[in-house]
Each structure stands twice: as structure tokens, then as C-alpha cells.
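Trainee: I would like to learn how to read the features of a model, one at a time. Could we begin with the chain as a whole and then move to a pair of helices?

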Amino acid sequence: CDEEPRAITLNGKALEQVASLCYLGSTLLGTGQSGLEVQARISKARQAFGKLSRCLWSRKEVSVPTKLKVYDAAIRPVLFYGCETWSVTNKDVSQINIFENYCRRRILGVSRRDHITIAHLCQQCGHNTDVATLLRANRLQLAGHVLRMPDSRLAKQILMSTDIANWKRPRGCPFQSWRRQVLKDAEACCK
């Protein structure tokens, strides 16, 4: 977009505009995309998983149910931290699924050569909800929380705002916004 960004003022002072911002451990992009945040979360979860590799995942004397409880309590929260604000693409969901399947195989001691289906892996781990459904539920939960806020709250004003005057969408396919994704989620739940 060739347009110069609009100046945002707060208490009479102009705020600096940046391409990305790290806030409470999450990376926010000016475009609203979440691909970098998803990659960062996968990386952090992979590090947490790797740190437990020698002392937990590769040990035969630790039972699989115990390993799964540790995975659900320690790794998945790292992976899905802030996921209710993500506007994900199919590629992002696929990458999360790949990481989760890798973890499940390590926990269960199953090789890819064993030809066990992903559905069977999920069933053995007790993960009956797929990643897309989990993300959808978290987004809708946050949207419901924001919509119940009083109209004076900034979060609700931003979510419910209409298009900015004199703003034109840049050429090309628009990025998937969080608001548009929540509307699709709500439509999917109503069907």
C-alpha cells in the first residue's frame, strides 16, 4: 500500500507505528496476520518438549498416561497460548497438527514406519478435538467475552468498529482478519 500510515494520537501525543510488536509474549503484526506468532508458539513448544525428552519422553518406566498428562499440562498450554487472538490459515493449522502428531508419536513410542493413522494416534492420546475446532472454540469464547463488555470498553469499540472513513483496501487478496474469522466460526457453529 503506497499510502502513508495514519497518525494515532493518545492524550495529545502521536504514537509510533511499528510493523510488529511483542506484547505479553505474543507477536502482533500490523497486518493482523498470525503466521509468525504460530511459528513462534510451535518453536517454544518444541523447546519445552525437547527439554523433557531425556527425563520423560524416552523413559520406559514412565507410563504413557503420565506422559500424556504432562504433555497436556506443560506443552499444549505453551503451544496454544494466545490462540484466541490468532487469525490462522490452513497452513498454520497444518503446521500445528504436524507438531502435535510428532509429539504424540514420541510419547507413544510409535515410528512413522509403523503406519498408524493420525486418527488412531489422537484416539490413543485422548485428543478427540482437532486443532481447527479447538482454535474456533477459543476464538468464539473471546468474542463472546468482548461482546458482553459495556460499550464504553475499548476492546468492544475496536471489535465493533466499522470501516475507517476514506480507507481503501490495498490490491490483492485481503488478509484473513480476526473479526472475519470469528464471523466464519459463528456461521460454522450454526450449521
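Trainee: Among contacts in the protein chain between residues at least 6 apart in sequence, what percentage join residues at least 24 apart?

Mentor: With contact meaning heavy atoms within 4.5 Å, that share is 60%. Bear in mind that this is a predicted model, in which local features need pLDDT of at least 70 and side-chain atom pairs count only at pLDDT 80 or more, while totals for chains, interfaces and linings use all residues. Residues are numbered from 1 along each chain as its sequence is written, and side-chain values use heavy atoms, with hydrogens and water left out.

Trainee: How are two packed helices described, and what is the case for α1 and α4?

Mentor: Two packed helices are described by the angle between their axes and the distance between the axes. Here the axes of α1 (residues 35-51) and α4 (residues 90-108) come within 10 Å and cross at roughly 10°, which makes α1 roughly parallel to α4 (angles under 35 degrees count as such). Among the residues that meet are Val38, Ile42 and Phe49 in α1, and Ile96, Phe99 and Ile107 in α4.

Trainee: How many disulfides are there?

Mentor: A disulfide is a covalent bond between the sulfur atoms of two cysteines. Taking a disulfide as a pair of cysteine sulfur atoms within 2.5 Å, the count is zero; for Cys189, the nearest cysteine sulfur, that of Cys190, is 6.8 Å away.

Trainee: Is Cys83 buried or exposed?

Mentor: Cys83 is buried, with a relative accessible area of 1%, where buried means under 20% and exposed over 50%, with partly exposed in between (1.4 Å probe, protein chains only). Buried residues make up 28% of the 191 residues in the protein chain.

Definitions and conventions:
Axes are lines fitted to C-alpha atoms, for helices over the stretch in contact, and angles run from 0 to 180 degrees between N-to-C directions. Helices (H or I, at least four residues) and strands (E, at least two) are DSSP runs, numbered from the N terminus. Angles under 35 degrees count as roughly parallel, over 145 as roughly antiparallel, 65 to 115 as roughly perpendicular and the rest as oblique.
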